[in-house]
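Subject: Handover of a structure

Dear colleague,

Please find the structure below, followed by an account of what was found in it.

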Amino acid sequence: MVGVFGPRQSEVKLGFTDTGRLNCEVRYTSFAAARASKAEQGQAEAAAAQALSQALEASAQLERFPKAVFDVSAMVLEAGGADAAVLVTAASAALADAGVELHDLVSAVQVVKCGGQLLLDPSLEEGGAAEGSLLLAAMASTGEVTHMEVRGRWGDGELREGLELALGGCGQLRGAVREALLAGMEERAGGA
Amino acid sequence: MASTSTTATVADDVEAEAFKRLYPEQFFDRFLGEGVRPDGRPLGRARAVTIGAGAITSADGSALVKVGRTSVLAGVRLELIRPDETTPGQGQLALNVELAPFSSPDYRPGRSATDAVSGVVEKLQAALLSGKDTVLLNTLCVAEGKAAWKAQLDVYVLDADGCVTDAVLLASIAALRNTRLPLVRNTKEGNYVPARRAEEGAAGLVEGCPRSVGLGRCPLALTCCLYKQHVLVDPTADEERLAECAVTVVVDQGGRLQGVYKAGGKVLADAATLLKCTEAARLRHKELSGLLEQSLQMGAEAAAER
Amino acid sequence: METDAKAGPGPGSAAARARGRLPTQLRTLVCERAVLDRADGSAKWSAEGSCVLAAVYGPRQARIQREDAERAVVEVVYKPRAGLQGPEHKALEAEIRGVLEGVIPLGLHPRTSIMVVLQVIQEDGSVLACALNAAAAALVDAGVPLSSMFASVSCALASEGGLLLDPDAAEEQAALARFTFALPYHFDLTTKGAAAKAEAAEGGGEAVVSSAVLGARCGGDFSPEALLEALALCRAGCGRVAAFGRLSLAKSLQALGGQ
Amino acid sequence: MRPVELELGVIAQAAGSARLHMGATDVIVGVKVEVGSPSQGAPDQGRLQVTVEFSPCASPIYQGRFGETYGEQIAAAIEASLAPGGRGGGSDASSSGCGIDLSKLLILRGKTCWMVFVDALVLNDDGNVVTAVSAATLAALRDTRIPKVEVVTDAAGEEELELDDSPGSAWRLDVGGVPLVLTASQVGAQCVVDLTAAEERCATSGLHVAVNRAGQVCGVTMTGRKGIDSSMLLLMMETAQKLGPVLWEQLMKFLTR
Amino acid sequence: MSAAPVGKVVGPGDKVLDIPAQGTLRLSAGLTTHEGGVVSTKGGVLRSTRNGQYFLEGRQKRYIPAEADVVVGTVVDKHSENFMVDIGGPFNAVLPQLSFEGATRRNRPNISSGDLVYGRVVSAHRDTDPVLSCTDSAGRAAGFGHLKGGMVLQVSTSLARQLLGSPTAPVLEALGGGLQFEMAVGLNGRVWLSAPTAATAVLVANAIAESEFKTPTQVRTMVARYLSAVG
């Protein structure tokens, strides 16, 4: 489960930039995952924020918002595997929901290699037992990859296969997110 | 024709929105004059509540509570500790409330997340711990002087749309009631460790160790806003901002008051108003405790299935 | 500039309290005004074991982030006697700020900030009430306009069932419930008002204490009836605090020839 | 690729060190080993920590906080290539078969182990810093000697460590599985490797691919503000896979000489 | 109307008197009307002037500008059209460069930041910065303008009011009998003094500062003692 996002535009205080910036912040609830110390949690939060901004930056039409900053803040309520992927997907949906102009929705999936098999969207146990993992964030309509992280050793064919599987997953996910967004908009239009 | 009528309604919408922004007081007065509130509720009605006990499976106990649009997530994490020497027969309960960055437009990064909710923490602390019999800390004790549970209750305010205190208290109670304390095993070395599920019934289990957090009473809160001569039960954030005067009443299942708070403000509350607020809080308690039992039941069933 | 006044003993059963105090008796109050040179107004309010020093700065130009175009901003800083500020002190700050915002006509000084700094010097029960009274005295000393004066008194519900006015720390600790109320008051100096209270004590007539609550902070375990009883008792106490407050104000203005 | 120049043992105090020039890019890496306790999550493994710092004179942009965050990013990438189980991976190195076998660094299960600190300092940045740091790290790690330690149980049943200081008994880390991190960048519609600093400014995005000596991919991270087309992505990875073993051989030639 | 408790100590929120059925009531500092009565908003002593205006006399340190007050201010900034003047209130006051006697676009007063001016408040609305002028309503200097040399003394606003009031404050009367000095008193509690010798200026300053809590007789003996000490 990933918390909702409230991006908002705010005046930049750090000098002039001709394009907008994304300011990402990720927080885990203390009970989201078993973590030994506060420092470890902070490290995980920073790494997740870094990945998130990388994945989203390419999709937002930041050149249209000079001097602006979008604060994207996320809260991971419960980490049940593949949280980074869910984080990216949810954040992109929130950006779209906030009316920020995007090239396309970013959807992300995780694929793990487990005993020679490729598994899409692993659970926590599957992720723990994996020999290799692949996180892919892409804009599915153009096939543009915005973020990618591979760990573990991958054979030539395996990686290609994993990529294809992940891209397919991204496409599926994008359709689902798109529908959810449209439904939300319709509901709001109906309510007004 | 059709097109002109649409533009007219759009213009009306815009105007109403603008009116609300520019003259919030007049906007509000008009509604109250009619005896309704901007969201369509009568003055005395509280918002609908949903309680999801056991919402987070990775926590030892949890609850997601929504009061209207206000949503709060509470989770309990357990840890075995050696009890404090001054209180060998008691466990510990640590409270923490945090505001999620996206919960309120007033939130600014940089300011401490707990600063804005210090009042809430304080009331929660008073409701749960100061009474000595609300959370029964002795039920957290496993072996006197040797092992006890420390429950870390973290409450995250996900969306703050008024009455955060009420929702936080409700979620905390629900999460604590939802908490299942694992069995404890005494290892060969004399250390106490939580037993895994598979080890249930195995040797070395501590006899009669507690299975749930004992609650002597069940305090729940209700906030009312005083605005001019009106009493608004369970206000939204907009209403709270406008009224600038709120009375929070904490009441337990027997109708005994656990706390009455009024932090100044423009409107004075006489005895009759205070009684009205306490009465409303009692009614609300009845309503909520039914929901709470139901949700806990469902949470327990879901846990049993797993 | 220093004034003492013993609040008169009230009726009530003689339970054993420290120094033979009656259940409805306040501790001896002392109020010093204009104690700080740099502040725009200041006061030190003490009730035997508890003592709070209050300083008021302003109205002065508010910091840009805090500025409000339509009203003055009230800032309260509560410094505990020892150690750092905890969340409970932050909560007290918010509470005191709420009370002050209730009596200061904020619209009168837009774009300004009024800062009240409260330093607890001694702690022995009823500290919130003491802090509120100190803040009120300091605001008057600073000449910040107030729509009304207010007084604050605490009481405690003893485990035997009786109410104790102005409890000390030990009594608070042992109590089933603790109440603090802040009530607005004023004096009626008009001929009509004075005639109605012809027999009232010297010093401008008896204070008119409102029956409605400006701020309340009650915690513990109690019934609604106990709440009302406590309110009534505190109201009586506030009347005596008000009379004392006026006496102390008059003393401080003696040099101006006030009576 | 630009020619690579390598110096070993440049820091006398370190357990292993290397300095690498790649064009004008100049990187120095020191390895320090210490006895410490293993992390709770992995009681049967040693620990490895990588830090990358930029000298403020490496490039004007590294004055202030930027260098710190950029350094952390690179450190994370290198660390992931050396020990995939390190940060958030969850899998251990022995099963994935690349990087360093951290379990060799264990001395006493759950109690003591070797902690390896890799500190890289970028003296001059003329592009492709990640590859330079990665290659220098590999060289420095290979240069590293870890003293032999024996666990002795004394009469009271206490376990004690005995350190053997003689240089002959010290052992070296097996770096055969360590991958090199190559950066392939997209400039316009072209895939380019080993960019200079000026060229890097024109690149829209980059892919850091960790490749072992056999040309297998051991990790990928991405940088840059633009996305990469999937076909381009494959091309970039292929390029890196081809170049990886070449660079590896080149380095080995230096190291075995 | 005569029922007003003049000379009494009044606290904030007190009902001071009922609004009379007829006639006019003139209220000033510290008093407002509320629900059919005159209510005070500050602590102080109720006073009335000879023309029947009521006001509260308190010992306030912070100055809140009011229209027609005379003030001593320090120029803190110079803009193209205005001086910004610190008058001790919540906000700096605006002093147009043309509000001096004889000032024109070509002939501007030669004042720079750090200088003292004596002016009167022409506008003191709460939503805008106060505006000063160094002329009277007829455009003449009338004693206002740049204060050159001298020293500034900070006193409470009530003492400043006393010093400006009539009959002349006893301390001034007593000092004026034996010494030569110039002074300008601002209602913002700033008193500017200029005397031929520094010793005189210090003596006057001390005498004024000490006079606040003394009766007229005490003041006269104090001044006499000071004067004899100087010789």
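**Core and contacts**

Leaving aside neighbours within four places in sequence, Ala135(C) is in contact with Ala54(C), Ile96(C), Leu100(C), Val116(C) and Leu118(C); two residues are in contact if their C-beta atoms, placed from the backbone, lie within 7 Å. This is a predicted model, in which local features need pLDDT of at least 70 and side-chain atom pairs count only at pLDDT 80 or more, while totals for chains, interfaces and linings use all residues. Residues are numbered from 1 along each chain as its sequence is written, with chains lettered from A and ligands numbered from 1 in the order in which they are written.

Ala135(C) is also among the residues with the most contacts inside the largest nonpolar core, which has 309 residues. Such a core is a set of buried Ala, Val, Leu, Ile, Met, Phe, Trp, Tyr and Cys residues joined through C-beta atoms within 7 Å; buried means that 20 or more other C-beta atoms lie within 10 Å of a residue's own. Helix α2 of chain C (residues 127–142) gives the most to this core, 14 residues.

**Chain A**

Chain A comprises four helices and seven strands, these being DSSP runs (helices H or I, at least four residues; strands E, at least two) numbered from the N terminus. Of its 192 residues, 49% count as buried.

**Chains E and C**

The contact between these chains takes 32 residues from chain E and 37 residues from chain C. On the chain E side, the largest share comes from β2(E), with four residues.

With kind regards

Definitions and conventions:
Buried ≥ 20, exposed ≤ 12 C-beta atoms within 10 Å, placed from the backbone.
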